Each structure stands twice: as structure tokens, then as C-alpha cells.
Amino acid sequence: MVKNKNISVVLGVIGADVHAVGNRILHHALGEAGFEVINIGVMASQEEFINAAIETNANVIVVSSLYGHGEIDCRGLKEKTVEAGLDNVKLYVGGNLVVGKQDWKETEKKFINMGFDRAYPPGTMPQDVIDDINKDFMIAQE
Amino acid sequence: MSLALLIDFGSTYTKVSVVDLDQETIVATARARTTVEKNIMEGLLQAKDKAEQQLGCQPEYKYKLACSSAAGGLRIVAVGLVKDLTVEAAKQAALGAGARVLGVYAHELSIQEINEIESAKPEIVLLAGGTDGGNKDVILHNARMMAESIVKPTIIVAGNKVVAEEAKQILTKAGKEALITENVLPELEKLNVIPARRLIRQVFLETIIAAKGLKRAEAFIERILMPTPAAVLNAAQLLSTGCEGEQGLGDLVVVDIGGATTDVHSLAEGLPTRSGVSYRGLPQPFAKRTVEGDLGMRVSATSLLETINQKEFEKLTNVHIDRVKKYINDVHNNYSLLPQDEEELKIETAMATYCAGMAVERHVGTLEVVWTPFGASYVQHGKDLTETPYVIGTGGVIVEHSQPKEILQSTLFNEEDPTLLKPRKPEFLLDESYIMASMGLLAEVEPEKSLRIMKKYIVSIQELGVRSQNSQ
Ligand code: B12
């Protein structure tokens, strides 16, 4: 069991993306892992991610993008978090970030350059995100 | 015969209605000028005398209850963190408590903003910010700014519960009156305005009434229960949801066109009615009130004129714009003026039509079309009221107007602007005897009777037929 009650995660599907199933699964998995989950759901704008993180004092923002337009939707998000005083908030992104099958290393680089702390290839399991949050916040495992 | 005397101290008129509680009928209504500057009782006694002349006796009353919007109403400033989140939640709480919201502030208050708040002279500052366990710094900063300022109002802390006590301490140590209630937005998806509304009302009862010179009236009546807009919202809520022993009407919208403001109350969840529409933004309170300070028939007549498209207004009334301007200036300067001829009546009607239409437009939610590479997606902000079955008109102008239907027509959905989620095919009802505020009071002691009386006296406009032109 991990003790991570003090970590809050803002979760949402960015842009005009309506794929709701993965979002619900992630919500459930992160909640089970003991995190405080603030799920803003599908079709979430960058502003909504930022506002939610401000009010809730979030530690991590987990962005999903499933419909292949993640790159356009995610541009500028990092800059906005800096502007909003959220410099310490970790940014993760995953789902189906680009259209079709492109070289993952290239895609990952793109998102890291955009300011994301972690980017995940399609098919990543929720447990990987949980482990990474624990790692990033050095939560003691019992 | 058991009677209730229900009083509404308005900014201009003190209105009384007498209810026969056994028959569940309105047996007398009367009004007189509000006399809050000198002695609030003068106006009340005049109105009561008039009502008792109609009754032909001076009975004992089982209940004497009042609401008030006299002496400037209940003045509140709302402070939060993010504009669309805790600021909006705090504003909703204040409006639902029947307040006049003088200003709203987001993020860390600056010195200039503190100066603004000081000069606005609110009676209550509602201090929100942060979800429970969320941001702590901003609400504490704002408490400190307020502590160092010369603001005198009662400060209600309704923010992040983790630091609510600390914020209160900061304020009380500086000699401010500070109280705590539950967070208006404990979680992002959970609006929680009721506890704050309740506390606002309590502060109104305990401290503000005395400060407004309304205390004298309390020797005569039992209690001034609430601000008038809160009474109207209370009545609307009862009429919508019903009570034990009596069913309500279900979802409804109330449009209250006044001299200074136009209020819209909606009693509806307002979730998307079409499939494929995603709801975004703060959850909506079931009982929602919005107030338009620039839309009114007398005090705000000139600001109404500034808001409206003059060409369109001219076309609608068929009256020359100079005549329109003159009439509007006249009624602005003399609140008790009434239309004297056909043209003035047309202007008055058009003014009310605009007030109702625009106030509802600002109240309802919007549908935003988001174009994606794969076609259109729809995002809804605010309430979808397209399927709301009832729209109720109230307020001096509309209840006395010969064609209330014409006025309410402007509240309808417009195919030319399908992004505004106004009611499509509601039935129009009229608060013909102008009793909603009174019934909101009666609801506190006799909800079932109050509801049945409303169902009897709030009538379908279709059934009204043509009302006489001179009922004014
Ligand atoms: C169901 C579905 C739909 C439904 C969605 C219904 C709904 N409201 O949820 C509908 C019919 C609406 C739909 C529409 C579209 N869809 Co679709 N859809 C699917 C489908 C078949 C299943 C999605 C699903 O629910 N999967 C199950 C869940 C559990 O998995 P998941 O969503 O991938 O989420 C998991 C992981 O991705 C991961 N994850 C997600 N986010 C994150 C974030 C982080 C940080 C991490 C680590 C992990 C992570 O964890 C989740 C849980 O395990 C997929 C194909 C597929 N088999 O995946 C296509 C798919 C996602 N859709 C696709 C497309 C193209 C579309 C449309 C553009 C089609 C069109 N031309 O109209 C539209 C877009 C509409 C819009 N505006 O969003 C493509 C995307 C292509 C791409 N990105 O390269 C897919 C992959 C199909 C395909 N192979 O072409 N779709």
C-alpha cells in the first residue's frame, strides 16, 4: 500500500476530444491508488486545467488526448501554468497523442520540448502513471 | 377567520397583502410610499390602513411577516480565487441570499481593490477561495489585506476549510467581525452555496436590519425575515418543487422586472437536453438567481437606454427616438410617472420587453460550437432551459400591464440565435396579484397554504383574455 493522500491530481481529456472511457478508468485507478483526483472530464480547455489546478492546489496535471490532435491542443499549456504560478506542478500527457503510428521517440521529444515532464505512448497502463507520480514525489512505500 | 399580514418594504413602495389562511385567499392588498428615512412605520401603517379599509375591520393577525429591499437592499462584495470557479460560486451564494452584489474580486486583492471595497461600503464581504484542501495562500493573503484595511462589514469566510479558522483569526485579531461557514466550492464539481446563503441571511437578520432603521418595524411585526429577492426565490422554489401534501409545478423561470433591476430566477437543473452536448464549467445551483443592474424601468431606465439598440427600439415602438428619450428621462427623474397615452404605453411596453428579454438572455446557458477536424462538437456553459415548461412574469410593470404576453414573448428561444438556451415553448404565467414575495414569507410558516395560494393566483396568461387597458 502506498500512502499518498496528500497528492492531488487534475485529470481531463483536452481539446474537442470526447473519448470518455479511458478518462473514467484513469480516474478510478488514480483514486484507488490513494490520490485526490479532480476530474474535469472530456472536452476540457487549457484554461480549465489551469483553473482547476489553482483552486485545488494540484501537484500533477494528467492530460489525455485520444483523437490524434494532442499536439495542437497541448501547445502553450506549460507556458500558461508558469504564468498562473503553477511552476511546481508536474505535467503528464498520454493517450493516442498523434494520428496513426508514428515513431514514439520523436513524439515523446515533441511533448517534452513543449514542457511536459512525462509523455506516454499509446497502450500505457494506469499503473505506470501511478508509479511515476510516486517516484516524482518520492512517496515512501510501505 | 385566521389572517396573515405580509409586508414587503420596497425601495419605493411598502406593499402589504392580507391572506385568509382558512379560505386560502388574498383578501386585501395595498401599498404606500416607503418611509425608511424618517420612520419606516409611517408607510407601513398607511398601507395597512388602506388594506384594512378594504377588509372593513381591524383584525388580529396570526402572522405578521416582512421582507425588505429598502435602504439599498443587502449589499455584498464577493471575493474568491479564480473568476470562473470560487469567485462565481461566492457570487452565486450572495445572489441567492437576495443580495445586491456590488463587486466581485479574483486572486490576491491589491491595495487599489481594497480601496474600491472600502468605498463601496458593503455590509457583508463573502471571502471564498480554494477548494477544501486546495489553495491556501490567496484566501489568507486576502484576509490579511482586509485586516489591514478600514472596511467595516461582517466578513463571512466561506473558502478552503483547512485555513478558514486561520483566516478568521487574522480578521478578528484586527477587530473585524468575522464568521465561518462551509466552503462555497468544497470540490470542483460540487457547488455548495446553501450554508453561505443561510449565514448571510442570519447576519442580515441580526445586524443589518438594525443598521437600516428597520428595527422599529420589528416591534410591530414579528420579524423581518429576509431580503425581498430571497423571498421571491423562496416562493419560486416552493412553487417548483412543492412540499409535503402538495405538488409543485416542476421546472420554471421567474422574470421579475423592477424599477432598478431585472431579476431572473430559474428553478431547474438545466443539464443538456440534446445528446452529444458536453456540459462544461461550474455546476449550476438548482435555484439560481441573476440580477441585471442596468435593466430596469425607473432608476435604471437611462442605463437601459444605453444598453439597447436605438434603431431597433424605434422600429419596435414606432415612436420617434426623441420622444422615447424624453419619456425615459422623465420616468427616471420621477419614479411614480405612468404612461399617459398610446405612445408612452408603447415605450413602456418596449422597455419591459427589453428588460425581460435581455435579462433572460444573460441568465440562460450558451451552446458553443467547437469545430474539430471531424465536424462540429457542442459545449454547453450554464443552464439549458429550452425545455422549461413555465415562465412566470412578476414585478410592478408586468402585473399591471394590459399585454403581459407581449412582454414575456422576448424571453423565448430565438431560432436566429440558437446558441442561447432560452425556453422554447413554455406556458406563460402571471403573478397577477403580485404576491410572490409575500408567498415566499408565508412559505416559512405555512408552506402548503402558500403553495396552494400561488397555484390559485399565479395564472396562465392564455386564460387572462384581454385585460383592460386602464388597469394601471
Ligand atoms: C469508442 C471510440 C469512440 C467513441 C467515443 C465514445 C465516448 N464518448 O467515449 C466515438 C464514436 C464518439 C469516437 C469518435 C471519434 N474517434 Co474514436 N475511438 C473509440 C475507440 C473504438 C475506443 C476508445 C476507448 O474507449 N477505448 C478504451 C479505453 C479504456 O482506452 P483509451 O481511451 O485508450 O484510454 C486508456 C489509455 O489510452 C490510457 N491513457 C489515456 N489517457 C492517458 C494519459 C496518460 C498520461 C497515460 C499515461 C495514459 C493514458 O489509459 C486509458 C485507460 O486504460 C478507439 C479505438 C480503440 N480501440 O482504442 C477509437 C479511436 C480512439 N478513435 C479515433 C478517432 C479518429 C475518432 C474520431 C476522430 C472518428 C471520426 N472520424 O469521427 C472521432 C473523434 C470525436 C472527438 N471529437 O473526439 C482513433 C484515434 C486515432 C489516433 N489518435 O491516431 C481511434 C484510435 C480509432 C482508430 N484506430 O482510428 N470514438
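**Exercise 1.** Work out how many residues of chain A and chain B are in contact, and how much area the two chains bury.

*Solution.* Start with contact, meaning heavy atoms within 4.5 Å: 17 residues of chain A touch 24 residues of chain B. Next, take the buried area, which is the accessible area (1.4 Å probe) that two parts lose on being put together, summed over both. Here that comes to about 1500 Å², with 58% of it on carbon and sulfur atoms. On chain A's side, 41% of the area buried against chain B is down to Met43(A), Ile54(A) and Glu55(A), more than any other three residues supply.

A word on the ground rules: this is a predicted model, where local features need pLDDT of at least 70 and side-chain atom pairs pLDDT 80 or more, while totals for chains, interfaces and linings use all residues. Residues are numbered from 1 along each chain as its sequence is written, chains are lettered from A and ligands numbered from 1 in the order written, and side-chain values use heavy atoms, leaving out hydrogens and water.

**Exercise 2.** Find the salt bridge across the interface, then say which elements of chain A give two or more residues to the side that touches chain B.

*Solution.* Look for a side-chain nitrogen of Lys or Arg within 4 Å of a carboxyl oxygen of Asp or Glu. That rule turns up one salt bridge between the chains: Arg280(B) pairs with Glu48(A), and their closest N and O atoms are 2.9 Å apart. Now the elements, which are DSSP runs numbered from the N terminus (helices: H or I, at least four residues; strands: E, at least two). The ones you want are β2 (36-44) and α2 (46-56) of chain A. β2(A) gives the most, with seven residues.

**Exercise 3.** Two non-glycine residues, Met43(A) and His107(B), have positive phi. Is each one buried, exposed or partly exposed?

*Solution.* First, the cut-offs: buried is under 20% relative accessible area, exposed is over 50%, and partly exposed is in between (1.4 Å probe, protein chains only). Met43(A), with phi near 55 degrees, sits in strand β2 of chain A. Its relative accessible area is 5%, so Met43(A) is buried. His107(B), with phi of about 55 degrees, belongs to the loop between β6 (100-105) and α3 (111-120) of chain B. At 36% relative accessible area, His107(B) is partly exposed.
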